[in-house]
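Subject: Structure handover

Hello,

Here is the structure we talked about passing on. My notes on it follow below.

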Amino acid sequence: MAKVIYGGQSYECGTDSVLDCLTAQGVPVPSSCRSGICQTCLMRTVNGEVPEKAKAGLKPTLAMQNYFLACSCFPESDIEVALPEAGVNRLSAEVVSVERLKPDILGIKLSPSKIFEYRAGQFLNLYKDKTTARSYSLASVPRLDESLAIHVRKVPNGLVSGWLFENLKAGDRIEISEAAGDCFYAPGNPDQNIILIGTGTGLAPLYGIVRDALQSGHRGRLSLYHGGYDVYGFYLVEELKELESRYPNFSYRPCVSEGDAPEGYAKGMVHEAALAEHPDLSGWRVFLCGNPLMVNAAKKQTFFAGASMREIFADPF
Ligand SMILES: Cc1cc2nc3c(=O)[nH]c(=O)nc-3n(C[C@H](O)[C@H](O)[C@H](O)COP(=O)(O)OP(=O)(O)OC[C@H]3O[C@@H](n4cnc5c(N)ncnc54)[C@H](O)[C@@H]3O)c2cc1C
């Protein structure tokens with residue numbers, strides 16, 4: 001049975017991940033999603049090898065330096081591990097502004113302390129303290145926006161979102177990670193049609209991706225569907241309508257799942273409304289962000305409607 005050695009102590013790992021093994025023993029390993037997406041639980045091997053799966057999604061430069069994700073690491077032989085050196089994959093950022101986009105959604109702008117390479121739609125991890133972090137998607141576009149922009153929804157009793165709502169103000173300094181994730185616009189196929197479907201703050205990455213694509217001169221259709229419970233569930237409506245009037249290939253469709261749908265709104269589950277208007281997605285690129293139930297259902301349904309799995313990009317949260 002494989003052992004994990006950390007800080008001179010040896011722990012039986014059994015069938016657990018390195019993250020579960022260490023946190024069960026009180027080792028303070030930062031973590032958030034625990035499913036290999038957010039990369040908060042980054043660790044480094046000092047001795048021994050980790051399975052390749054534990055490096056999935058990491059930047060090649062990090063993988064080459066023996067970094068791995070503790071939540072996805074089920075060691076097959078003994079390994080000695082360490083937390084990353086201070087500063088690896090982390091930097092400080094100044095809060096430029098905090099704005100209520102809606103009563104339960106904050107728009108936060110950040111100015112990173114050093115060059116921050118990213119694509120609109122990727123995410124960063126925001127640290128409340130040394131070990132508590134949560135991922136937030138980037139709504140800003142490097143070529144268009146001076147600051148990094150994220151949208152945070154207030155989750156009832158949420159540790160990090162609650163802390164941001166109650167404490168964060170312009171001028172504060174916080175710690176963030178570098179950007180990660182593959183939910184972004186890749187140029188190179190400017191005539192391809194693109195459908196984007198999101199709920200709640202799933203709009204943040206989609207808003208960034210749409211503006212990035214339009215700014216890059218994308219010529220194919222860009223159809224954005226945003227789902228909310230009722231007409232009060234939407235934000236950035238004016239900005240999106242303005243983009244719609246400026247770019248004939250862009251369309252924005254808000255969709256309400258409860259109650260009456262006023263003119264211009266679709267009715268029902270957002271992915272079903274999107275698919276009813278786009279039943280054939282052969283050759284389309286698809287972006288899905290927000291509620292995991294919606295994202296998982298939409299992944300299957302857009303695939304059955306003809307989209308290739310390689311062309312479906314999703315961030316469930
Ligand atoms: C790749 C990625 C990108 C993300 N992008 C964004 C983003 O752009 N904007 C954004 O607001 N969030 C985003 N999230 C979600 C975010 O990382 C946090 O999970 C969220 O803010 C809740 O954290 P918290 O500490 O406030 O709540 P926690 O303290 O972690 O949770 C408190 C309670 O709420 C429940 N809960 C947690 N999340 C949700 C939820 N989404 N809905 C309902 N109940 C929940 C938990 O089960 C728990 O019972 C993203 C997540 C991922 C993995």
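Two strands count as paired if DSSP finds at least two bridges between them. Helices (H or I, at least four residues) and strands (E, at least two) are DSSP runs, numbered from the N terminus. This is a predicted model, in which local features need pLDDT of at least 70 and side-chain atom pairs count only at pLDDT 80 or more, while totals for chains, interfaces and linings use all residues. Residues are numbered from 1 along each chain as its sequence is written, and side-chain values use heavy atoms, with hydrogens and water left out.

Strand β8

By that pairing rule, β8 and strand β11 (residues 173-177) are antiparallel partners over two bridges. Within β11, glutamate 175 is the bridge partner of tyrosine 127. β8 also pairs with β9, again in the antiparallel sense, over five bridges. Here asparagine 125 stands opposite serine 135 of β9, and the two strands form a hairpin with five residues between them.

Is β8 buried or exposed? Five of its five residues are buried (under 20% relative accessible area, with exposed over 50% and partly exposed in between; 1.4 Å probe, protein chains only), so β8 is largely enclosed by the rest of the structure. In a regular strand the side chains alternate between the two faces of the sheet. In β8 both faces are covered: Phe123, Asn125 and Tyr127 are buried on one side, Leu124 and Leu126 on the other.

Helix α3 and serine 161

Helix α3 (residues 159-167) has Val160, Ser161, Gly162, Leu164 and Phe165 as its buried residues. What covers them includes β6 (90-102), β7 (105-112), β8 (123-127), β9 (133-137) and β10 (148-153). Serine 161, which lies in this helix, counts as buried because its relative accessibility is 5%. Leaving aside residues up to four places away in sequence, serine 161 touches Tyr136, Val152, Arg153, Lys154 and Val155 (contact means heavy atoms within 4.5 Å). From serine 161 to isoleucine 194 there are 33 residues in sequence and 31 Å in space, C-alpha to C-alpha.

The five-stranded sheet

An open sheet of five strands runs in the order β2-β1-β5-β3-β4, with mixed pairing. The twist averages 40° from one strand to the next, where axes are lines fitted to C-alpha atoms, for helices over the stretch in contact, and angles run from 0 to 180 degrees between N-to-C directions. Strand β1 (residues 3-6) and strand β5 (residues 79-82) pair in the parallel sense over three bridges, and valine 4 stands opposite isoleucine 79 in β5.

Domains

The domain assignment gives domain 1 (3-82), domain 2 (90-177) and domain 3 (194-316); such bounds come from an automatic or database assignment. The centres of domain 1 and domain 2, taken over C-alpha atoms, are 26 Å apart. Eight residues from domain 1 and nine residues from domain 2 take part in the contact.

How much area do domain 1 and domain 2 bury between them? The figure is about 570 Å², 50% of it on carbon and sulfur atoms; buried area is the accessible area (1.4 Å probe) that two parts lose on being put together, summed over both. On the domain 1 side, Pro30, Cys38 and Thr40 lose the most area to domain 2, together 55% of what that side buries.

Regards
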